[in-house]
Amino acid sequence: MRFWSRFRSWLRATLWRSRMESEMDAELRFHLQAYAKDLVHSGVAREEAMRRAQIEFGGIELVKEEGREARGVNLLQSLVQDLRYGASNMLRTPGFTGITVLTLALGIGATTAIFSAVNPILFESLPYPHADRIMMISDWQHDGSRLDVTFHTYRELLERNRSFESMAVTKPWRPALISTMQPERLDGQRVSAMYFGVLGVAPVIGRDFDPSEDQLNGPRVVILSDGLWKRRFAGDRTIVGRQVTLDDDLYTVIGVMPSAFENVLAPLAELWSLLQYDTRNITSLQTREWGHHLRMVGQLRLGLNSEQARREFDTIARHPVQEFPRPAWASLEQGLIVNSLQHDVTENVRPALLAVLGAVLLVLVIACVNVTNLLLARGVRRRGEFALRTALGAGRSRLVQQLLTESLLLAAMGGVAGLAVAQLGVRLLVALSPSELPRVGTIGVNATVLAFGLCVTTLIGLGVGLIPALRASRHDPQMGLRESSQRTAETHQRARRALVVAEVGLALVVLVSAGLLLRSLERLFAISPGLDPSRLLTMQVQESGRRFDDDSVRYRFFAQALEAVRRVPGVKAAAFTSQLPLSGT
């Protein structure tokens, strides 16, 4: 309550300054005259009584000044004066101001740009209602790496587990959209019916998949992304119920996802349809249902964690049941991997992003040390000014306030320029980001990034200005005037030398780290891939349509295509492969 009452008093005094002055003047004169009147009643002459009253009160203007100080009015007034004086100093030294602002802008801009990428990828929660409860479930390979699950493994876990509210599986799908417009190959997903339910999202137009539709030879239904709906169907809200041709098959559109939906499991996916796998014939081992090609995701029940789910899955893996026989390649003998979706999405990029963030933070620290050194050097030249202000009555706190205000003003200018640098850096990051980088669409200068930039700017303003301010406020006025007149600046160099050493040390760390990185890249590029790629060209071919259901037709198509490529002038040899060397997939 005391804080709020003081704040209200300060606000009234600031907004209605003239009214406060007149009220304070009237109150002081009333008390002065009342005191003088008491003296007159005691036998003192009127002129002498007024003189004694003024001596007792110490002067009306002095009491007014104390009242203004108590209400905090002088703080705002002195702050405005300090800002004006600091701006005037910057205009008188454009070279110093320009170098300082540029140094801070590069440091703040680089740090803010990298933070704009690191924050949504590593620190922010995924854009789902219960993101902390969404888990990825995987099988183990014999070499200890992660392996996608089979459909029948998913069915067994779905029936036997009690840790998950819902579970789903998904695999890539690349259908060709055939229409009166240009045919287009699309990226999509085949999913089980509860996929969007696990993520906690639903179509904004139409409906979600129904579990009864997810069966062999079930109805062909599809859900579109907002981008595809607007790009190929002009945002027509009557799209629900209409049919589209995908790979020569007719699919009924049943829904459109929200524009804000972010599919972190397949960022490029623009449409979704059901898996419609055969749940029967679990003992038939040579079917697609026993292939390791499905990614499994589940939402934990409220109050459970991943470790509890992992222990339950280990129990299920160690105790097979007759209803769910397992082949050797899907025996689950090593248990199952259960990780959060956040961990699964960021696992491969986390070390690199943290390393880059650490590097730019070092650059920012170097910039701050550099600016602090510049302010110390500038403080040496201003000793005479500080000594004169001290001699005229300025206290140590007043000098510290003045210098901190100047450093905050410099930092604010550097912060504004740094945000412009960050905006350019973000565009460059998005343009050059690798395809493996998740959540690229969320990288940008938003409110969180602006708040981060503001905090960094404020901390820098206080940090780089504190040391020069404290040093400047400690000097003896007479010594300061004498040093100023003699233009000597040979003493008190220890702090500046220490800052130079720190700056050189930090720069050396950055240079050594960059050198090691370049050396590692050089060694990586020096490894022979086992082939000469200098004159090799690759292209991707994918057949689609009912006519390729027959394997003989498919083989004949690829043979004819291969022969046609070999006849192209300049082609020495041509071949097909299911996996390119060093492709990683």
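The buried residues of helix 10 are covered by elements that include strand 1 (134-140), helix 7 (151-160), strand 3 (164-173), strand 12 (295-300) and strand 13 (337-340). This is a predicted model. The protein holds 18 helices and 13 strands. Of its 585 residues, 39% are buried.

**Helix 10**

- Helix 10 spans residues 306-318, which is 13 residues.
- From first C-alpha to last, helix 10 reaches 18 Å, close to the 18 Å expected at 1.5 Å a residue.
- Its buried residues are Ala-309, Glu-312, Phe-313, Ile-316 and Ala-317.
- Seen down the axis of helix 10, these buried residues fall within an arc of 140°, so they line one face of the helix.

**Overall picture**

- Among contacts with a separation of 6 or more, 78% join residues 24 or more positions apart.
- The accessible surface of the protein is about 33,700 Å².
- Carbon and sulfur atoms account for 59% of that surface.

**Buried residues elsewhere**

- Thr-103 sits in helix 6 (residues 94-123).
- Its relative accessible area is 17%, under the 20% cut-off, so Thr-103 counts as buried.
- Leaving aside residues up to four places away in sequence, Thr-103 touches Ala-367, Asn-370 and Val-371.
- Leu-332 belongs to the loop between helix 10 and strand 13.
- Leu-332 is buried, at 4% relative accessible area.
- The phi of Leu-332 is near 60°, a positive value in a residue other than glycine.
- Arg-439 is also not a glycine, and its phi is positive at about 55°.
- The loop between helix 14 (396-432) and helix 15 (447-474) holds Arg-439.
- Arg-439 is buried, with 9% relative accessibility.

**Salt bridges**

- The structure has 23 salt bridges.
- Side chains of opposite charge can pair when their charged atoms come close.
- Glu-184 and Arg-232 form a salt bridge through their side chains, at 2.7 Å from N to O.
- Glu-184 lies in strand 5 (residues 184-185) and Arg-232 in helix 9 (residues 226-233), so this pair ties together parts that are 48 residues apart in sequence.
- Glu-184 is partly exposed at 21% relative accessible area, whereas Arg-232 is buried at 10%.
- Glu-522 pairs with Arg-519, with 2.9 Å between the closest N and O atoms.
- Glu-522 and Arg-519 are three residues apart in helix 17, so about one helical turn separates them.
- Glu-522 is partly exposed at 47% relative accessibility, and Arg-519 is partly exposed at 41%.
- Arg-554 and Asp-551 meet in a salt bridge at 2.6 Å, N to O.
- Helix 18 (residues 551-566) holds both Arg-554 and Asp-551, three residues or about one turn apart.
- Arg-554 is partly exposed at 21% relative accessibility, and Asp-551 is partly exposed at 40%.

**A nonpolar surface patch**

- Leu-517, Leu-518, Leu-521, Leu-524, Phe-525 and Ile-527 make up a nonpolar patch on the surface.
- Together these residues have about 670 Å² of accessible area.
- Leu-518, one of the patch residues, lies in helix 17 (residues 494-526).
- Leu-518 is exposed, with 58% relative accessible area.

Notes:
Residues are numbered from 1 along each chain as its sequence is written. This is a predicted model: local features need pLDDT of at least 70, side-chain atom pairs count only at pLDDT 80 or more; totals for chains, interfaces and linings use all residues. Side-chain values use heavy atoms; hydrogens and water are left out. Patches are made of residues with over 30% relative accessible area and no salt bridge: like charges are joined within 9 Å, nonpolar side chains (Val, Leu, Ile, Met, Phe, Trp, Tyr) within 5 Å. Accessible areas come from the Shrake-Rupley method with a 1.4 Å probe; for residues, only the protein chains shown count as cover. A salt bridge is a side-chain nitrogen of Lys or Arg within 4 Å of a carboxyl oxygen of Asp or Glu. Helices (H or I, at least four residues) and strands (E, at least two) are DSSP runs, numbered from the N terminus. Buried means under 20% relative accessible area, exposed over 50%, partly exposed in between (1.4 Å probe, protein chains only). The expected span of a helix is 1.5 Å times one less than its number of residues. The arc is that of the directions from the helix axis to the C-beta atoms. Contact means heavy atoms within 4.5 Å.
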